[in-house]
Amino acid sequence: MKTALSIVLIVLGINLVSAQSTSNRGLEIAKLAEQADLGFGSSIVELKMTLKNKNGQLSERYLSTKTLELTKDGDKSLIVFNSPKDVKGTATLTFTHKVGSDDQWLYLPSIKRIKRISSNNKSGPFVGSEFAYEDLSSQEVEKYSYKFIDEKGSFLRVEQDPVDPKSGYTKRLVTYNKDKGYRIEKVEFYDRKNALLKTLTYSEYKLYKNKFWRAGSFNMVNHQTHKETLLQFSDYDFEQNLREADFTEVALKRAGK
Amino acid sequence: MKKHLYLAILIFVFMSHSFAQEHKKKRDVSHEFELELEGEYRYYWDKAKFQGQKDQFPSLAIKPEYTIEWNKGYESINMSAFFRIDRDDERTHIDVREFYYQKAKNNWELSLGLKKVYWGVAESNHLVDIINQTDAVESFDGEEKLGQPMLQFSWNTSKLGTFEFFYLPYHRKRTFPGTNGRLRFETAIDKDEVGYESHAKEWRQDLALRWKHYINAFDIGLSHFYGNGREPAFVFDNTGNMKAFYPVINQTGLDLQITHNAFLWKLESIYRQADHQDFYAMVAGLEYTFSNIDGNGLDIGLLGEYLYDERGEFALTALQNDLFIGSRIAFNDIQDASILFGIISDLESNSRIFSVEASRRFGTSWTAELEARFFSNISKEEQILSNFEKDSFLRLKVSKYF
């Protein structure tokens, strides 16, 4: 009831105090989601990316991802391409930062070269897919400002506005499931003109170690181009106890060969 | 030389066999075999400058790769070979690009065997990169390398960066185009007619050290190499034949990149000391990328680099006081299509080299690559480059991956 009232008040744009409270509630939900996932340590997962163009033609690529959880700063991740074969071994190392731009290195296996790359290109597509770089980077709470929208059953909807002006979005509408560890069920992306651009749906969730929800499938649909990208994940491996030494330039070269 | 290579391969086959035996018991041993077949056609449209040089070069190459990994990927044996058949006999060659055992534990990593290592940040010239010999018959840009026998030890610290030590027990000689090949001097250089300053010749035991660190926007590398130079000097013997001569050198290198928003600021510089010559060389420049211009992933990068070499006209790279301007266009599409344009201009004459490289994928396992280089108004003063003035070429490469 209280919530419903505050929505009405925002819609009418009358009450600043309740605007404040919707922003607090939104932030609170994002923090609860972050907290629910605290302590996973590190994970390894294989994934298949299927790109579908508007004529339904499919193209596949295989990747593997290692992630290291850090609490004082953003997570570290290492992504390696296993197919198509001409780019096999191409790999990226990313240090996400809670504040400021991420640090990123690219490894090119044909000439064994590591190149530090700019993380400026947030809105560009990741390897021709419907996922932008910013969709796949570690989702730190500090990267958005928040607005609570509504609550329907166990679903909570929160508007997230990117802090970084280089983002390709004006807002993301995120649906959390409060009964399932605040896991994300759906994200709707609005472009710079505030038109609905993409919808990302998470499904085939699995609960690991009785605490961590991981979706087995991400489906991103672009409403403007009618292209789709599906990510299908293998089982997550949380038992490898990866360390900082597994996320260095030396490790990047080793992973890419 | 061949005998030694066979011996090295034998030792490795034995080593890899015993390692594989020992670790077969442990689970999670993974093997991977990859094969690339490549058809290539090079066409030189100008009439040859020197006698015997051909215009058209159809060619085939095979690149098999094999990796066995165990111990969660912390241990592996990696093999990669290269075979090419070409109309130019010197370009018909076999090389073991890589054949090494690797072990990583905590914050150190050890590699033993034939391996490729790359250092540096610049695009138009690779000054700092010195561990591997250039496979000079393979590509014009010098990015193809021969496998280098080494023991490499890397030690990573979280506060002070990465320290690397290289022990390099054997020197690989650069191969030059043969009599019917293009991009050569008036007399073809025989690969086996070489001189060394060191009495130990190719068996001189060489060393290298490198420190690499990153602090915020800065990536910095400092390196030192002591041993047989990778770049030969050319000397004339009593009969007037030109032959390659490898001096013993000390080379200190610095590479620096500052990554700030869409800007990459780059510097590479070397100081090389040898008995017959000391010199300084550098390349400095920037790269700026306009990303996702059309909202569809189109990236256009602009590149500008200044090149300096104290050796002047005798610099083998012919990049003594030049400016490189280029653009890299990446479509970020399903086919990974990209195009790289560039012009290298000599600032003292009108000599120019234009280049275009374009590539894309077809289907899931085919790629095509087009390369063109145009030598324009090459000045007679250019001691090295003037030999290539009629060697503008077009190269088409089609690869199939298995």
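Analyst: B:Phe234 has a bridge partner in β12(B), namely B:Ala244. This is a predicted model, in which local features need pLDDT of at least 70 and side-chain atom pairs count only at pLDDT 80 or more, while totals for chains, interfaces and linings use all residues. Residues are numbered from 1 along each chain as its sequence is written, and chains are lettered from A and ligands numbered from 1 in the order in which they are written.

The bridge belongs to a pairing of β11(B) with β12(B), residues 242-246; the two strands are antiparallel and share four bridges. Strands (E, at least two residues) and helices (H or I, at least four) are DSSP runs, numbered from the N terminus. Two strands count as paired if DSSP finds at least two bridges between them. Strands of a sheet pair through backbone hydrogen bonds, in either the parallel or the antiparallel sense.

Which strands make up the open sheet, and in what order? There are three, in the order β8-β12-β11 of chain B, and their pairing is mixed. At the edges stand β8 (194-196) and β11 (233-236) of chain B, each of which pairs on one side only. On average, neighbouring strands of this sheet are turned by 35° against each other, direction ignored. For such angles the axes are lines fitted to C-alpha atoms, for helices over the stretch in contact, and angles run from 0 to 180 degrees between N-to-C directions.

B:Lys201 lies in the loop between β8 and β9 (206-215) of chain B. Its phi is positive, about 50°, although B:Lys201 is not a glycine. B:Lys201 is partly exposed, with 14 other C-beta atoms within 10 Å. A residue is buried if 20 or more other C-beta atoms lie within 10 Å of its own, exposed if 12 or fewer, and partly exposed in between, with C-beta atoms placed from the backbone. The next loop, between β9 and β10 (218-228) of chain B, holds B:Asn216. B:Asn216 also is not a glycine and has a positive phi of about 50°, but this residue is exposed, with 10 other C-beta atoms within 10 Å.

Elsewhere in chain B, B:Lys145 sits in the loop between β5 (108-115) and β6 (148-157). Is B:Lys145 buried or exposed? It counts as buried, having 26 C-beta neighbours inside 10 Å. Apart from neighbours within four places in sequence, B:Lys145 is in contact with B:Lys116, B:Asn132, B:Gln133, B:Thr134 and B:Asp135. Two residues are in contact if their C-beta atoms, placed from the backbone, lie within 7 Å.

Chain B has other antiparallel pairings. Strand β1 (residues 30-44) is joined to β2 (residues 56-70) of chain B by 14 bridges, and B:Leu35 stands opposite B:Pro64 in β2(B). β1(B) is also joined to strand β21 (residues 393-401) of chain B by nine bridges; there B:Glu38 has B:Ser399 as its bridge partner.

As for confidence, chain B averages a pLDDT of 91, and 93% of its residues score at least 70. pLDDT is the predictor's confidence in each residue, from 0 to 100. The model as such scores ipTM 0.91 and pTM 0.90.

Chain B also meets chain A: 39 residues of chain B are in contact with 26 residues of chain A. On the chain A side, β6 (113-117) and α4 (249-256) each supply at least two residues, and α4(A) gives the largest share, three residues. By class, this side of chain A has seven nonpolar, nine polar and ten charged residues. Here Ala, Val, Leu, Ile, Met, Phe, Trp, Tyr, Cys and Pro count as nonpolar, Asp, Glu, Lys and Arg as charged, and the others, Gly among them, as polar.

α4(A) is mostly covered, as eight of its eight residues are buried. Among them are A:Glu249, A:Lys253 and A:Arg254. After α4(A) comes A:Lys257, with a positive phi near 65°.
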